[in-house]
Structure formats: structure tokens, C-alpha cells
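Please find below a short note for a colleague who is new to this entry. The points follow the structure as displayed.

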Amino acid sequence: MNKTNVLSVSGGKDSTAMYLLAMERGIEFRAVFADTGNEHKITLEYIRELPKRTGGPVIEWVTADFAEDISRKKRVIADKWARENVPEWKREQAIAALQPSGHQFLDLCKVHGRFPSTRARFCSSELKHEPIYRVHESLMDQGKTVISWQGVRAEESPRRAALPEMDWPAPNLCNYRPILRWTLDEVVAIHARHGLELNPLYQMGMNRVGCMPCIHSRKSEIKRIAELFPEYIEKVEIWEEQVRQAAKRNEATATFFAQDVTPLGRKTKSPQGIREVVRWAKTGPGGDVRQLTLDLGDDHQCLSAMGACE
Ligand code: SF4
């Protein structure tokens, strides 16, 4: 079989463990990282350094491109929004806001006129899956069979536990999950065998690495991000304003976190910007502890079966 192994790498511990496992098996493979444009610089650096530190293959960077979607949305604003009597000033503001920003995450939100949420999880599919799938597709177009290695583990959630180790969504595409039954100890051990530290963000209080922040970030993580990386909170504040401008109305969904994340948002049913969310994240047990008391289940995890977001 003319097959090619393609590993989806995120900079997190599980996909890194899978990369190291592929090296230990001595197989030829390609490794692909989909940059969401909302990654932490430490993760980007970790990905850059991984081949140098391990002697493994280079990691190919892929990104989504929303230039065409932005052009299409501008036409919708000029045409459909005008017919819907959206005020002229709002149409002009939205068109002005719809400039490609160089940050795929932001462009995606502008195109949707909203941020993704735990109920509308379009970010991982459009920012992670599709760019990686394009790599698969181009190999399949060349007549190759793609073995898509996915670094997910059953321990992480019931949904992942229900996945098979291998399945074939198409005759020439196989999803392979070689560390599905691994424990966290095994993940840590393979890093140690290769003299490799885990992504330093774990040591800094993050439960997962990837987007900074992620729509699934927990209360404790948001607090840590605000303490350690205030520039990422500032970035979100700027993005919220830009998405609001690109949206048809000042929708509740033009805030990074859904309005029901904080007690105030749930009570008032009004959007809570990142600053309000950070204020809430800094409250202790006397504040709302809803997220702190939840296990890291599917509600707080990317639903990607691919594990392209950790
Ligand atoms: S699920 Fe989180 S890490 Fe994945 S693309 Fe969305 S925000 Fe980024």
C-alpha cells in the first residue's frame, strides 16, 4: 500500500508523545501543525524547537485562509444587509472592520460575526481540521493512502474513550489513535526518555495548551492567563471590539466567552467582555465556582476527535 503517515501536532503533551512514539517506531512520517493565529508564543516556540531537540522530522505549518470569505461577506453586507435595512453607518462600519488581520482566529470570528462558543464550536473545525485535511487531500489526490495519526487519549473524556483505535472514514484515509489507551504517566515517561520537557505552559497552571485563551478555558486558567500574560487579555479586548464592529448588531456573541460563563452574564443575560470575565475569574470560593467544580469533561474540551486542539 502506498501509504503516508501524517501526524497532527498541537504542541500539547499528547500529540508530542505521539510524535516521539512515531520516532521510536522508526517509521517515516510527516508532522503537521495548524496555527490558529491565537496560539501562545511559548507553544509556537515549542513546536519550532521540537524537531531540533528530538532529531525528528520538521513540522509543517498550515493555516486557514479567510480572504475569500471576507470578500464574500463584504458583498453580503452591501447587498443583503442593505435589503434588510441595516443602517448605512453599521454597514460601513462592518465593511471597514472586515480587513484580513493576519490572525486566522480573528478573521474567522469577523466572518461569522461572532466568537465560537462551547455550543458553536466552529473554531476547531475551521482552524484546525480543515487546514490539516487539505494536506491529507493533496496526498490522496496523488493516489496515496493517508494514515492520520491523532494524539487523543481515552482518559481525557467519555467521548474520546468511545473512539476506536483505528477507523476508515474513506477507503484511502485511516484515522489512527496509537496512544488512545495510554495513561498520563506513559505520556510523561516518553517525554523523559527523549530528555524533553513538557510544554512549559503546563507548569504555569494551564490544563491544556493551544489557543490563548481557548473558548474552553476554565476559571482558574483565565485567572492565570490574566496574571501571567496580561497582553493576551488585551489582545482579546481588541478582538472583541473588532468582531463587534464586523457583526450585524452588537450581538451577545461578540464577546470571547459566552454570556452564561459568569454569574452576572447569566443573571442579566448580557454579554460579558473579557475584562468582566477576568474580574469574575479572580473571585474565590465566595464567587461563582461553577467551572472550578467541573471535571475536565467534554463541556470543557475541544470536541475534535482529531485532537488537533488539545
Ligand atoms: S477549541 Fe480552543 S484551542 Fe481549539 S481552536 Fe477553538 S479556541 Fe482554539
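**Notes on the model**

1. R208 is buried, with a relative accessible area of 9%; buried means under 20% relative accessible area (1.4 Å probe, protein chains only). R208 is placed in the loop between α8 (184-193) and α9 (219-228). Its side chain reaches the backbone oxygen of H216 at 3.4 Å, and the side chain of R208 also makes a polar contact with the side chain of E221 (3.4 Å). A polar contact is a pair of N or O atoms within 3.5 Å, one able to donate a hydrogen and the other to accept it.

2. This is a predicted model, in which local features need pLDDT of at least 70 and side-chain atom pairs count only at pLDDT 80 or more, while totals for chains, interfaces and linings use all residues. Residues are numbered from 1 along each chain, and side-chain values use heavy atoms, without hydrogens and water.

3. The mean pLDDT (the predictor's confidence in each residue, from 0 to 100) of the chain is 91, and 91% of its residues reach 70 or more. Over residues 289-300, however, the pLDDT is below 50. Where pLDDT is low, the predicted coordinates should not be read in detail.

4. The chain has 12 helices and six strands, these being DSSP runs (helices H or I, at least four residues; strands E, at least two). Buried residues make up 51% of the 310 residues.

Notes:
Contact means heavy atoms within 4.5 Å. Buried means under 20% relative accessible area, exposed over 50%, partly exposed in between (1.4 Å probe, protein chains only).
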